[in-house]
Amino acid sequence: MSKKHSFRTEQEAFWAGDFGTDYINRNIGDDLLASNLAFFSKALGSARSVKTCVEFGANIGMNLKALKLLYPSMHIQGIEINLDAATRLAKSIGEENVIKGSILEVSPPECDLALIKGVLIHIDPESLPLVYRKITAATRRYLLVAEYYNPAPVAINYRGHENRLYKRDFAGEIMDAHPEMTLIDYGFVYRHDPHFPQDDITWFLLEKKNEVSV
Ligand SMILES: C[S@@+](CC[C@H](N)C(=O)[O-])C[C@H]1O[C@@H](n2cnc3c(N)ncnc32)[C@H](O)[C@@H]1O
């Protein structure tokens with residue numbers, strides 16, 4: 001994929017371009033890493049035997065770095081649309097573990113854990129069913145969804161941009177469309193948490209059950 005690649009949605013072009021590159025330097029550092037360590041130790045507390053993980057929209061790897069510290073033998077891979085972020089991600093986790101391109105276009109690997117955090121909120125709403133199919137197909141067992149929750153879909157102005165940020169019940173919609181995915185844990189991390197804040201994210205740990213009763 002080159003920088004001139006034409007995307008099917010305006011949201012993908014937004015993240016592949018300058019906004020996505022500028023995002024990198026606002027979301028880096030030891031405090032964020034500490035918050036991510038606290039976040040994953042809680043959100044994955046019910047998960048067992050996770051040996052492989054793929055993150056959708058991994059940016060420069062701040063989540064994957066935390067996972068590798070918590071689970072040193074875990075094999076981690078990331079999908080990223082912004083080439084500047086993907087280049088830095090490749091330096092951190094190895095070129096062979098980075099899939100450069102859009103979630104809407106690439107073929108994700110199958111892993112024990114699929115992770116998506118702060119990314120569904122930025123996807124074109126019409127494309128969500130496709131992304132839900134890809135993230136549920138990518139997991140052999142667990143799917144961790146960490147996004148902004150709202151019971152009904154709403155669009156929010158994002159740093160002065162319209163149609164770039166949506167809140168909804170992403171995990172509920174995934175379970176409705178993919179009944180093999182069942183909820184095993186969930187929680188919220190407040191931006192004013194005195195120790196390990198996150199950006200008001202609500203997380204849902206889903207597990208794939210092979211037998212679905214009807
Ligand atoms: C708000 S950032 C979140 C980054 C990271 N997941 C985290 O929790 O810090 C959204 C990330 O998703 C990437 N992204 C957005 N749309 C994407 C798409 N269609 N395919 C792949 N990556 C995408 C962006 O480039 C950016 O790195």
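This is a predicted model: local features need pLDDT of at least 70, side-chain atom pairs count only at pLDDT 80 or more; totals for chains, interfaces and linings use all residues.
Local features are reported where pLDDT is at least 70 and side-chain atom pairs count only at pLDDT 80 or more, whereas totals for chains, interfaces and linings use all residues. Residues are numbered from 1 along each chain as its sequence is written.

Helices (H or I, at least four residues) and strands (E, at least two) are DSSP runs, numbered from the N terminus. Two strands are taken to pair if DSSP finds at least two bridges between them. Seven strands form an open sheet in the order β3-β2-β1-β4-β5-β9-β8, and the pairing is mixed. Its edges are β3 (98–100) and β8 (181–189), each of which pairs on one side only. From one strand to the next, the twist averages 15 degrees. Angles run from 0 to 180 degrees between N-to-C directions, and axes are lines fitted to C-alpha atoms, for helices over the stretch in contact.

Strand β2 (residues 75–80) is parallel to β3, with 3 bridges between them; Val98 of β3 is the bridge partner of Gly78. Strands β1 and β2 are also paired in the parallel sense, over 5 bridges, and Phe56 has Ile79 of β2 as its bridge partner. Of the 6 residues of β2, 5 are buried, and the strand is thus mostly covered. A residue is buried if 20 or more other C-beta atoms lie within 10 Å of its own, exposed if 12 or fewer, and partly exposed in between, with C-beta atoms placed from the backbone.

Helix α4 (residues 62–70) touches β1 (52–56), β2 and β4 (111–117), and its direction makes about 175 degrees with that of β2. Helix α6 (residues 128–138) lies across β1, β4, β5 (139–147) and β8, at about 135 degrees to β5. Helix α6 also packs with helix α7 (residues 170–177), at an angle of about 75 degrees and with the axes 10 Å apart. The two helices are therefore roughly perpendicular, a term applied to angles of 65 to 115 degrees. In this packing, Pro129, Tyr132 and Thr136 of α6 meet Glu173, Ile174 and Ala177 of α7. The residues of the contact comprise 4 nonpolar, 1 polar and 1 charged. Here Ala, Val, Leu, Ile, Met, Phe, Trp, Tyr, Cys and Pro count as nonpolar, Asp, Glu, Lys and Arg as charged, and the others, Gly among them, as polar.

A nonpolar core is a set of buried Ala, Val, Leu, Ile, Met, Phe, Trp, Tyr and Cys residues joined through C-beta atoms within 7 Å. The largest such core has 49 residues, and Ala114, Leu144, Val145 and Leu206 have the most contacts inside it. Residues are in contact if their C-beta atoms, placed from the backbone, lie within 7 Å. Beyond its neighbours within four places in sequence, Val145 contacts Ile116, Leu120, Phe170, Ala171, Ile174, Trp203, Phe204 and Leu206.

Tyr186 belongs to strand β8 and is partly exposed, with 15 C-beta neighbours inside 10 Å. Its C-alpha atom is separated by 4.3 Å from that of Phe204, 18 residues apart along the chain. Residues up to four places away aside, Tyr186 touches Trp203, Phe204 and Leu205.

Ser49 lies in the loop between α3 (30–43) and β1 and counts as exposed, with 7 C-beta neighbours inside 10 Å. Asp200 lies in the loop between β8 and β9 (201–208) and is partly exposed, with 14 other C-beta atoms within 10 Å.

Note on methods. Two residues are in contact if their C-beta atoms, placed from the backbone, lie within 7 Å. Angles under 35 degrees count as roughly parallel, over 145 as roughly antiparallel, 65 to 115 as roughly perpendicular and the rest as oblique.
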